[in-house]
Amino acid sequence: MNAAVETMDVRTTPKQVATLSEAVIEIMSDSGEGAQKCGQSFGSIAARMGNGVWTVEIIPAEIQPPARSIAGASGNRIRIGSKRITNGGDEADLAVAFNEQVLLGRVNAGELKPGCIVLLESMWGASADPKIALQYRETLDRLLGEGYRVHEVPMENECRRLVSDPRKGKNMFVLGMLCNLYSLDMDLARDQIAFIFGKKAEKVIKSNVALLEAGHAWAEHNLDFGFRVPAVRATEPQLVINGNTAIALGVLASGMDICAMYPITPATSASHYLSDVFERAGGIVHQAEDEIAACAFAIGASYTGKVAVTITSGPGYSLKQEGIGLAVMAEIPLVVVNVQRGGPSTGQPTKAEQSDLLTTMFGSHGDAPKVVMATSSIEDCFYSMITARRIAETFNMVVVVLSDASLATAQQPFPRPRFSEDWVAPPIDQNPVPEGAKPYDWDPITGLSRRFVPGQPNGMHTLTGLAHDRASRVAYDGETNEQGMHARSLKLAALQKMLMPPKVFGAEEGDLLVVGWGSTKGAIEESVERLRAEGHAVSALHLQFLQPMPPGIKEILQRFGQVITVEGNWSDRPDDPLIDESNRRYSALAMLLRSRYLVDVDCWTEVRGRPINPGSICNELRRRLAREEFRR
Amino acid sequence: MSTASACLHHLFEENRSLEEYQGGIPRWCKGCGDNAILAAVQRLCRDEGLRPEKTVFVSGIGCSSRLPHYMRTYGFHGIHGRALPIAEGIKLARPDLHVFVNTGDGDCCSIGAAHWIHAIRYNMNLTVLLHDNHIYGLTKKQASPTSPLGTKSNTTPRGSYLDAMSPLTVTLGVQNASFVAQAVDWIPESLFQIVTAAFRHRGFSFVRILQRCPEFVGSMFEPWVHDPERMLMLTHEDGIRLSPALQKIYRNQVEHDPANIHRAREIASSEDPIPVGILYRNPAVPCYEDLRRSGMLRTTDTIRTSLEAEFDKFTVWP
């Protein structure tokens, strides 16, 4: 691809193509300029070439933030590598910005590496508005002063040669530049354009391919550097989707029929996607009048025989709590998805946090045992829905699946699932109930009972949220109340006995064990890999089931000198003047591990709204490993 | 194994007694109007030949909401205010079931008010009985949204402050209202007729039933109970007709065509005399379940086919 280029006369020095094992690239623009489409396409092309890929959306909180504003950056971070990539990585190596203000937002947030290469739209320097021209000049000076390697690119001017509205085509020009800089296959890039504009006219595809090629040629002629991130083509087909789409596909695959929801960021896109595809398979997405109704609706649907799902985020989860308690009490299976966001209250709706673990486990008044799972990758989002449906149905329990904003919009290729009939819910049982059988005939060992659903002759009973006996009759006596509590609690133990002990990442014993749950898995394991390469005896443990916790955890914790959790929720800082052991608030998982296993578990947490990156984790762990008490 | 025609014959022959719909012994207070409502729905089930296993009574919380426990059908005694969304979920998942909702003036018009408004709009095929006694009973006498101005209760010892809400005008004011009627517990014959008409209407059939609470507001409806002239009986060939016996007692009758929504709204605004009968009926309003259910048989194969088609969209082939 590069051979022909050497003859070009614009560039004075030969192009140097460096080989990298990985790279982090950010593309940002004002909202609506298409940086996200550009970034996702870049990720897809790299995935097709066999690269490990992780893409993260950079989303402004407003729908139409003012143009050229620091808070308005909209775009994508793409991390590609020669090996599998499991998280968004550390600071960016290269950034493309459609204006200098959106770039500043990322610079100020510390998201760019020192010396990061910046490709900056140059048109603003020549703006007729002296204020804009001055802002551009000042920012450029600052960036150069701080050591960023800035290349001014006349993106709009170049695009204007090809299209009348360059603002709309710039993103494909940038995609072409990036394909050149990272040596991506241009045939795959053309395919990608045909795919994303597939529903539009041939003319649209042609014009975008022309922009792509122009961007490629411009970078070839004007930039004397380039990179190659070698990849081995996958041997199996891969799916490239984000976490919310994976959840939606998981719902479809699980055979659930009804999803009741109410719009809430960042969960809604799962329901958007489901609304689009579910009905073609005979399913229904019901947009209820509020979160409470969505939960009650799903409970009503589940009650009639097939497990239903409700998908929400933190504030919606809070509203559903009473309904969830009803499902627990009446033993109606239900799947609840909570795509967590920053809290409390309205918090940070578009940002990632892992702050709902305790409310999920202990929320709803009274003793309301339910199953809590957390998804740790895009692939996991898909399979968790199938698992959740099966557990809900087997145990007549509420299963809550925790995801979060960082998985919701992140994309990662994973092997295309092979359909299994076991995924799908069985048909509704309408056989007569044997004479004398009771709807809550709790098994004394497992707490399980066979539920009766409407339509089954002889099964008639009135289900109630009141304390009830085996026949579902309201019962206020202490003995019966305890029997019910006992049975509902035992079901968790019965499930726990079926779970496999979790696997340790790294060695089975050592100085330090890092424990995590949910979306931090990739970043934690990557930091453990780096530290192990430096010679530290560090391992990681990641929990998929938070309630019940699988067997064998205590034994694992005890094999390490120190245990620390890394989580995206608040914990008090031990060096604050008022904080000591008698008042320190530990992070959610640390608190759970401490109380269950009586092991001294420390925690390190971040609530900065961004996914926790491996570099930050490494820094913190190195700091701790350097402490006296860690040295053996 | 029986042949299809034998099965049909069997179904036709199926006759159930009232006892077959009777569950536990009601624990409402002596003289409570809920007993009349229970008697009416049990008779309805028998006369309409509803299979008990195909019938679900859904309720919220309150005195009214204990009704499912006294039926020998399926019952769902849920949580306060949420009977309607639960019933909607049941109906959307299983349109083959007969779904009734028993709710009170606190349950429906206060804590569940948002669901009520939207349930009218969804117009699902549910029979909704609002047991309206103008007071909170189970929590021991607090003013409800339908308590008349000045009602003395434990939270309004010097009398309630606000004018009562009219569940009839509210319901008739919402888009897609398709069946609105009013009955009173002290005229059991018309109560039964109205509940039957509600059941036979395909859509969201809303029946407000004025119901006496002898324990907390014993004299609330006394003037009307004792003076038949203060009852306004709505009759029409498309509504209900009074029996000769009732015609003699309740002579204050008016012909009202349930298709006339403007007149229905006027009648609904009257608190004295109390209108009894079908105020509005529009069988043409589509039901949400008909709009949403595709009729497609959902099998493992359809799921597999649609899933593979979606996978194809996102697959990166080697």
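**Sheet across the chains**

I traced the open sheet: 10 strands in the order 17(A)-2(B)-1(B)-3(B)-4(B)-8(B)-7(B)-11(B)-9(B)-10(B), with mixed pairing. Strands here are DSSP runs of E of at least two residues, and helices are runs of H or I of at least four, both numbered from the N terminus. I took two strands as paired if DSSP finds at least two bridges between them. The model is predicted: local features need pLDDT of at least 70, side-chain atom pairs count only at pLDDT 80 or more, and totals for chains, interfaces and linings use all residues. Residues are numbered from 1 along each chain as its sequence is written, and chains are lettered from A and ligands numbered from 1 in the order in which they are written.

I then checked two pairings. Strand 17 (residues 462-464) of chain A runs parallel to strand 2 of chain B, joined by 3 bridges; Thr462(A) stands opposite Gly75(B) there. Strand 4 (residues 126-132) and strand 8 (residues 204-210) of chain B are also parallel, with 7 bridges, and Leu129(B) has Val207(B) as its bridge partner.

I noted that helix 10 (residues 261-268) of chain B lies across strands 7, 9 and 11 of chain B, at about 155° to strand 11. Angles run from 0 to 180 degrees between N-to-C directions, on axes fitted to C-alpha atoms, for helices over the stretch in contact.

**Side of chain B that touches chain A**

I found 47 residues of chain B in contact with 60 residues of chain A, contact being C-beta atoms, placed from the backbone, within 7 Å. Helix 12 of chain B gives the most to this side, with 10 residues. The side divides into 22 nonpolar, 13 polar and 12 charged residues. Ala, Val, Leu, Ile, Met, Phe, Trp, Tyr, Cys and Pro count as nonpolar, Asp, Glu, Lys and Arg as charged, and the others, Gly among them, as polar.

**Helix pair between the chains**

I looked at helix 10 (residues 291-303) of chain A against helix 3 (residues 83-93) of chain B: the angle is about 45° and the axes are 6 Å apart. That makes helix 10 of chain A oblique to helix 3 of chain B (under 35 degrees is roughly parallel, over 145 roughly antiparallel, 65 to 115 roughly perpendicular, the rest oblique). Residues making the contact include Phe297(A) and Ile90(B).

Note on methods: Two residues are in contact if their C-beta atoms, placed from the backbone, lie within 7 Å.
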